[in-house]
Amino acid sequence: MNCQKITPFLVMCTSSQVLAFTPPLFNMPSLKLSTYFHGDNMILTKQGTQKIATSRNSRARIPTGVFERNGSVMENGEMILAKDNRLLDIAFSSLDDKDKYETVLTGLCAKVIDGGAATATTGLVDPIRLIEEMNSSGIVAGQRGIISLIDATALTSDARVMANVLSLAIRNGALYNFGCLQGEITPFPRASTSLFTFGNQNNKLVEKLLSLPLVPDDDRAAEVSSALAFSAVVAACVVVNIFGGLFGLDDLTPVSNLILGIAVTTVIVDNFFDVLVMGGSAVAKMNEDKLPDAAKNFNAPKKDDMPLGIGTGSLTGTVARGLSRLLSVNTERDCQCEAAAIFVAYALGLPCFAFQPNSLEGAALVIDSMREESSAIEECKIQGQLDYLATDVGLLKVLMWLIAPVAMESGKYPQLISSDPREARVFLSRLNEKSNSIQFAKQAIEEILPEDDAQSDDILKWALSEADTLLRNNKKVVDNLSEALAGGAATIGDCVAILEGW
């Protein structure tokens, strides 16, 4: 039996039926499926090299990875096929072109994912060529193939590669919702464009801007530091009380008890003053007949009358917030913030799917959208051109993406823990710094950046308002995305499937 060795397959068959089939995964200059299967026999070509035909005769059962050649058994994971064997031809003849492309695209992307980030860029050449071929043939990619392609592309961490893949998928007809909500953005009202108040919508937008609250702010570094210092003092007092007798520190026990009592009491009274007053008043009323006359006439002090502002939270509020930040672990809260960022990025057409958006990535995205020169990666022709973001609307879109977690968390919780409101403001500073060192971007970025701190506050709270509106109007989709992320197994491709309603 004259046999030839080919790229590994996964085949299990009987004489009349193919039970499982996985296509070969190798780079080919042309991925036209008609070149794989042609005529009566199966033909596999790799840049015009050897042709391999299969016989009509087959064994009753061929175990996976075990093949026979001239009476000898091969167990090295490679497949040996005899001439005139039509197993693969029969397998693919039962599939339509869409299923054939789907199988090959999924397999190629699986190979990229298995290779990891180090080889993702070069490994995407074949999947991208295949999706281009599908576009030219009018074949719409299936959901499984698109999910695999997006997961493989995410490994590159390159927004321009992701932009190219998403653009190809949109042209293919597989994606519809990427960038679909850009038209719902209300531009930031920089200045009035009319001398007449009547009919000037910009004046109404300015009034709206003036009524918006400022972006929530926090000093989490100071909060954590204060909480750690307070915890250290309390821990030291407890240690002295417990082990003081062993080390001859009995004289320090009264002092440590005093410090511990004052520290704990101050924190409790400062942060729970209203609760204590209401609870005390309720208990006093329930036992009014048992109280002496002097106690009956006693009135609880007011916050304004307390020394050092105790009761308002201003004295130890930083410690309380720091302890809350250190001790709280809320996966659901984290996933809600991540879902908000992914949704806003996808809805606004930003090819960045960081679960936790950051200012550095935002600044790089704007700069990359202005680049035109080639790079080493572009020699593989897998990068696309980003939408130009050095505009007022482009800047607003990036700010909305950065501040979306803040909009989500501030709408549900009194304190920001999972999101960071500083990222959006730092983004403006980073963008200004980058523009000074990149000549081609300097003028365009200077024109869109806020002129002063007051205008920075205005554009940030406008971005927060727009992001909040976007999230509220699409609450069901965002909640579904959050639940998927909370499951712990969702990939970027899975997130896109939810955003597309698959």
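This is a predicted model: local features need pLDDT of at least 70, side-chain atom pairs count only at pLDDT 80 or more; totals for chains, interfaces and linings use all residues.
**α14 with α16**

Let's start with helix α14, residues 359-368, and helix α16, residues 422-437. Their axes come within 8 Å and cross at roughly 45°, so α14 lies oblique to α16. The crossing of these helices is right-handed. On the α14 side, the contact is made by Ser359, Leu360, Gly362, Ala363, Ala364, Val366 and Ile367. Their partners in α16 are Glu423, Val426, Phe427, Arg430, Leu431 and Lys434. Sorted by class, this contact holds 8 nonpolar, 2 polar and 3 charged residues.

**α5 with α20**

Now for the other pair: helix α5 spans residues 143-154, and helix α20 spans residues 492-499. They pack with axes 7 Å apart, at an angle of about 135°, which means that α5 is oblique to α20. Here too, the crossing is right-handed. From α5, Ile147, Ile150, Asp151 and Ala154 take part, and they meet Ile492, Gly493, Asp494, Val496 and Ala497 of α20. This contact divides into 6 nonpolar, 1 polar and 2 charged residues.

**Side by side**

Here is a handy summary of the two pairs.

| α14 and α16 | within 8 Å | roughly 45° | 8 nonpolar, 2 polar, 3 charged |

If you have the structure open, Phe427 in α16 and Ile150 in α5 are among the contact residues to look for.

Conventions
Residues are numbered from 1 along each chain as its sequence is written. Side-chain values use heavy atoms; hydrogens and water are left out. Axes are lines fitted to C-alpha atoms, for helices over the stretch in contact, and angles run from 0 to 180 degrees between N-to-C directions. Helices (H or I, at least four residues) and strands (E, at least two) are DSSP runs, numbered from the N terminus. Angles under 35 degrees count as roughly parallel, over 145 as roughly antiparallel, 65 to 115 as roughly perpendicular and the rest as oblique. A crossing is left-handed if the near helix is turned anticlockwise from the far one by less than a right angle, and right-handed if clockwise. Contact means heavy atoms within 4.5 Å. Ala, Val, Leu, Ile, Met, Phe, Trp, Tyr, Cys and Pro count as nonpolar, Asp, Glu, Lys and Arg as charged, and the others, Gly among them, as polar.
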